[in-house]
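Dear colleague,

I am handing over the structure below, and would be grateful if you read the notes that follow it alongside the coordinates.

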Amino acid sequence: MSVQPSVKGWCPGAFKPMMSGDGLIVRVRPFHARLDRRQVLGLCDLAKTYGNGFLDLTNRANLQVRGVSEQGFEPLLAALSDLNLLDATPEIEARRNILVSPFWDAGDDTHDIVTHLLEALPSLPDLPAKFGFAIDTGPAPLLQDASADIRVERSAEGFIVRADGSPLGQPVPRGAVIATILELAAWFTAERLPDERRMRTLLARTSLPQGWDAAAPLAAGPLPVPGPHAAGLILGAAFGQLDASALARAMETSSARALRVTPWRLFVLEGASALTDADFVSTPDDPLLHADACPGAPFCESASVETRGLAQALAQGMSGTLHVSGCAKGCARRQPADVTLVGKAGRFDLVRQGCAWDAPEKSGLVPNDLLAEVKSH
Ligand code: SF4
């Protein structure tokens, strides 16, 4: 039998850090999914000064400083404020769960809609902590598999505001997008039961008002891959982990103007064309792009095994998806993988075609056993 573990009902932020096995996790939500050069270099310094020297790139395109001590938290917060990386209040930060299609230009529709949504955040009703928005108004949607509850996309005729869980959205003129988002958020708040925290869950029980599901979004575009792009150089972060020193070096040596973040463990060095350093995933066929691993021991107190070094070693030997999880919670991957290894009392369980919380095929494995198991996939 497999039982999916419960997911915490809140998202950490900079104002509201989360305690982990290695200290506080302080999550920075980049405005417009972009940090300028000064902000990137400043954040890298802060990760080294107050954190463990790494930044986590999350599946909501946020950047986390982890390993922060309680004494270091206040000075870190002050430094983030100096870098203009904080919201005006913790309440506004909590509402700013906004995913942004990464390839916008200043003043285009995507940039403009996000700017107006930021201004409208105080007008939103009280929403569950994980409730979020995807502004996906590039030439084709890219964020449809990323977590969001209200999506703004393009249809064949214009813009639509779409409730997650419905294949169709409400057609709206460009100037009515924000008002429609507010209306849909208010409808969600009025209709939901206390334990219905996501739009998709609500829509499994009830229907949208008439006319709110009238137009289909454009077909999804191909997801970006590492390599040169019109916006700059796209690189991958294995396991979503960025070495702060390497990132600062990449910014400096590539003369990048800024950093754009994505929910796909990819980032864009804006304006850069090449990088001689090999600290990041730079080719689409790198197996590390198909491997997931949580921080594991010693960084998380629930883990009894090291995870990322093992995943890095094993990924090179296999063609399918690999997930190495420090425990059965499976934080790094919610979907099934071809091979999942789950830490348990210092050894590993093996699950094939499943999730970390599923019943294992084998138990009590040690790293030396694992290479053969993975290669036999
Ligand atoms: S899966 Fe377990 S060990 Fe890994 S980060 Fe989550 S709680 Fe920690």
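Helix α2 (residues 70-82) lies across β1, β2 (23-28) and β5 (63-68), and runs at about 15° to β2; axes here are lines fitted to C-alpha atoms, for helices over the stretch in contact, with angles from 0 to 180 degrees between N-to-C directions, and contact means heavy atoms within 4.5 Å. Helices (H or I, at least four residues) and strands (E, at least two) are DSSP runs, numbered from the N terminus.

Please note that this is a predicted model, in which local features need pLDDT of at least 70 and side-chain atom pairs count only at pLDDT 80 or more, while totals for chains, interfaces and linings use all residues. Residues are numbered from 1 along each chain as its sequence is written, and side-chain values use heavy atoms, with hydrogens and water left out.

The open sheet has 5 strands in the order β1-β2-β5-β4-β13, with antiparallel pairing, where two strands pair if DSSP finds at least two bridges between them. Because β1 (18-20) and β13 stand at the edges with a single partner strand each, one side of each is left without a neighbour in the sheet. Between β4 and β13, which run antiparallel, there are 3 bridges, and D56 stands opposite Q241 in β13.

Turning to strand β14 (residues 258-261), which holds V261, that residue is buried, with a relative accessible area of 1% (buried means under 20%, with a 1.4 Å probe and protein chains only). Among the residues that V261 touches, leaving aside those up to four places away in sequence, are P30, L57 and L266.

Notes. Buried means under 20% relative accessible area, exposed over 50%, partly exposed in between (1.4 Å probe, protein chains only).
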